Amino acid sequence: MTEPLLRADGLVKHFPVLRGVVFRRAVAEVHAVDGVSFEIAPGETFGVVGESGCGKTTVARLVMRLVDLDDGTLTSDGEDITRVRGEALRKLRLKMQIIFQDPFASLNPRMTVGDIVGEPLHIHNMWKDGGPRRVRELLDLVGLAAEHAERYPHEFSGGQRQRIGIARALALHPKLVVCDEPVSALDVSMRAQILNLLKHLQEEFGLTYLFISHDLSVVRQVCDRVAVMYLGQVVEVAERDALFDRALHPYTQALISAIPIPDPELERKRRRIVLQGDVPSPQDPPRACRFHTRCFKAQEICEQIEPELEQRCDDHPAACHFAEPRAPVVESPA
Amino acid sequence: MTDDIKSAHHPEIGELEIAAAELPDDTLARMGLDAVGASQWRIVWRRLLRHRLAIASFGILVLLGVIAVFANVFAPHGYATQYLSQQLRSPGAGHWLGTDTLGRDELSRLIYGGRISLAVGFGVALSAGVIGTIVGSLAGFYGGRLDTLLMRVTDLFLSIPLLVILIVAATLLGGSVLDIVIVLSIFFWMPLARIVRGSFLSLREKEFVEAARSVGASNFRIIVRHMLPNAIGPIIVNVTLAVAEAILIESVLSFLGFGIQPPTPTWGNMLAESRDLATTAPWLVWFPGLCILLTVLCVNFLGDGLRDAFDPTQDLIKR
């Protein structure tokens with residue numbers, strides 16, 4: 001692998017649970033992200049999947065330096081960005097941008113679309129150098145018309161708003177774009193359009209995506225490599241096809257077995273793995289392997305020794321003592 | 001792909017295009033991108049113009065202000081001139097609004113009184129508005145210890161009885177309009193500070209604030225460009241209410257011996273002096289009361305219009 005564009009090493013973020021009105025004290029900690037490591041190569045789309053509350057979005061906010069890390073390091077282009085502040089952090093914004101999940105909340109309702117898309121240019125003193133033209137160009141790029149610049153966000157549909165968010169993220173010519181569930185708030189009909197737009201922009205500008213989603217079908221469509229998260233930890237990382245065809249971790253296998261198959265014949269034959277119980281509270285995650293409380297393969301060792309995220313077969317790390325491929329979800333008709 | 005987007009237009013956008021078609025040609029021409037930013041205030045102004053009641057109120061307030069400033073031109077008599085043979089005349093020729101117990105012309109006194117009342121009303125509302133907004137913004141935006149500190153200071157000010165301070169101030173300060181504005185401002189900013197803090201606490205968690213941060217916006221920019229515009233509604237309502245309150249409190253000040261002393265008239269002290277005459281000479285109660293009422297109503301309507309004009313989600317065609 002070439003020099004990664006972004007390397008995350010052992011990211012940790014715990015949020016305190018506060019009690020009391022006058023004397024606020026931390027009574028517990030939510031282990032939102034607990035030792036997450038990954039590398040993103042230039043030009044690839046790196047997916048992060050997991051159910052709600054597994055820490056995906058916190059990873060996105062950590063990478064964007066919107067919240068401070070408790071532990072771990074972030075390296076971008078060989079430069080340590082874990083603790084950069086002030087001017088250096090502002091410079092970092094030129095390289096990394098984010099597209100938010102909720103297109104209704106991520107645009108300031110009091111600003112015109114032109115002001116929203118042009119704001120990054122104002123902040124980085126790029127406005128005088130053809131700012132209005134750049135705004136027009138960006139709107140055109142994401143499939144909106146230049147006249148839309150004078151309108152307000154509430155005049156647009158969800159899909160169009162997400163396009164505005166994308167235009168804002170692209171204004172500074174970033175290398176890495178963090179996509180935090182960019183399509184999960186959209187109608188299915190809009191999803192494909194936005195995903196195609198993202199793909200098109202990636203080809204045109206050589207963008208690298210950190211693509212966060214809970215939707216395996218979306219991840220399968222857009223990602224080159226995928227990390228699966230469970231309760232604040234990465235349990236498996238693999239190339240897209242390797243993950244979907246030969247998942248090693250029982251949690252990943254359970255997730256994949258739950259993807260509906262459009263063909264009703266095959267759908268009927270689908271062999272689902274149904275996990276028991278709920279996700280344990282991230283305030284008090286299970287000891288050792290965090291998945292052992294729900295795992296269909298759990299043995300005594302899983303409650304005592306935490307499995308390392310280590311290579312199982314060629315470049316396919318999984319954190320499980322009993323990692324091995326499962327028989328296909330549907331028997332091939334042969 | 002562009003075709004897909006056009007077909008995905010919301011119905012509202014179609015309606016807005018119709019609304020835009022009613023605008024004069026030059027406005028449409030100016031709606032091009034070259035006007036981004038500078039046009040923001042023009043948009044607010046244009047929206048305010050559509051709010052008839054607000055514009056009428058604005059006109060009345062300007063008129064009241066002009067009359068007060070040029071009181072010596074407009075007033076038919078001096079505010080302290082006594083016509084000893086014409087005490088307690090009811091409204092009629094010669095003295096259009098009647099005279100008071102000392103035979104002074106009521107109309108002239110109202111005109112001169114407007115100077116102080118309007119200056120105190122608007123001065124206190126604006127300066128208390130600025131203090132309250134700044135304190136509330138800082139507390140709500142930064143949170144933590146600064147928030148605790150500022151909010152305890154706010155509580156402290158709320159807990160001091162106004163009258164005690166006024167009596168102390170009366171002995172320490174003179175009674176100029178500026179003194180009154182300063183003393184009253186110190187006691188008018190707390191409710192607004194709490195309101196602004198509250199809306200900032202909720203705005204702070206909004207995704208668009210995080211989005212602004214992720215494109216590199218400074219704290220100052222986030223407060224001024226992203227959070228304040230979204231908190232403008234409650235601020236305007238609170239400031240407009242403060243205008244009325246300040247005009248009335250000013251009369252209490254005079255009563256306590258601080259502030260404007262007789263014979264200089266203010267609407268507040270004219271109202272206070274005429275309390276006992278409400279049955280014998282009711283016009284002495286009516287007219288200062290009506291002046292205060294008119295001012296307060298106009299300020300409230302104007303505030304309403306401003307709030308709507310600042311809110312782009314409001315219906316454009318509001319009358």
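Helices (H or I, at least four residues) and strands (E, at least two) are taken here as DSSP runs, numbered from the N terminus. By that convention, Asn125(A) is found in the loop between α3 (113-123) and α4 (131-141) of chain A. The model is a predicted one, in which local features need pLDDT of at least 70 and side-chain atom pairs count only at pLDDT 80 or more, whereas totals for chains, interfaces and linings use all residues. Residues are numbered from 1 along each chain as its sequence is written, while chains are lettered from A and ligands numbered from 1 in the order in which they are written.

**Sheet and hairpin in chain A**

- Four strands of chain A form an open sheet in the order β2-β1-β4-β5, with antiparallel pairing, where two strands pair if DSSP finds at least two bridges between them.
- The edge strands of this sheet are β2 (25-40) and β5 (79-80) of chain A, each of which pairs on one side only.
- Strand β4 (residues 71-76) of chain A is joined to β5(A) by two bridges in the antiparallel sense, and Ser76(A) stands opposite Glu79(A) in β5(A).
- Helix α1 (residues 56-63) of chain A lies across β1 (6-19), β2 and β4 of chain A and runs at about 115 degrees to β1(A); axes are lines fitted to C-alpha atoms, for helices over the stretch in contact, and angles run from 0 to 180 degrees between N-to-C directions.
- Elsewhere in chain A, strands β11 (residues 310-313) and β12 (residues 316-318) pair in the antiparallel sense over three bridges, with Glu310(A) standing opposite Ala318(A) in β12(A).
- The hairpin of β11(A) and β12(A) has two residues between the strands, and in this hairpin Asp315(A) takes a positive phi near 50 degrees.

- A residue is counted as buried if 20 or more other C-beta atoms lie within 10 Å of its own, as exposed if 12 or fewer do, and as partly exposed in between, with C-beta atoms placed from the backbone.
- In helix α9 (residues 250-257) of chain A, the buried residues are Pro250(A), Tyr251(A), Thr252(A), Gln253(A) and Leu255(A).
- The cover over the buried residues of α9(A) includes α7 (216-222), β9 (225-230), β10 (233-239) and α8 (240-245) of chain A, contact being defined by C-beta atoms, placed from the backbone, that lie within 7 Å.
- Most residues other than glycine have a negative phi.
- Pro280(A), in the loop between α10 (264-269) and α11 (300-304) of chain A, is partly exposed, with 15 other C-beta atoms within 10 Å.
- Leaving aside neighbours within four places in sequence, Pro280(A) is in contact with Leu231(A), Pro285(A), Pro286(A) and Thr293(A).

**Helix packing in chain B**

- The secondary structure of chain B comes to 16 helices and zero strands, and buried residues make up 37% of its 319 residues.
- Among contacts in chain B between residues at least 6 apart in sequence, 71% join residues at least 24 apart.
- The axes of helix α5 (residues 52-69) and helix α7 (residues 106-142) of chain B come within 8 Å and cross at roughly 115 degrees, which means that α5(B) is roughly perpendicular to α7(B).
- Angles under 35 degrees count as roughly parallel, over 145 as roughly antiparallel, 65 to 115 as roughly perpendicular and the rest as oblique.
- In the contact between these two helices, Leu64(B), Gly65(B), Ile67(B) and Ala68(B) in α5(B) meet Ile111(B), Gly114(B), Arg115(B) and Leu118(B) in α7(B).
- By class, the contact of α5(B) with α7(B) has five nonpolar, two polar and one charged residues, where Ala, Val, Leu, Ile, Met, Phe, Trp, Tyr, Cys and Pro count as nonpolar, Asp, Glu, Lys and Arg as charged, and the others, Gly among them, as polar.
- The axes of helix α12 (residues 207-214) and helix α13 (residues 219-227) of chain B come within 11 Å and cross at roughly 140 degrees, which means that α12(B) is oblique to α13(B).
- Phe208(B), Val209(B), Ala212(B) and Arg213(B) of α12(B) make this contact with Ile222(B), His226(B) and Met227(B) of α13(B).
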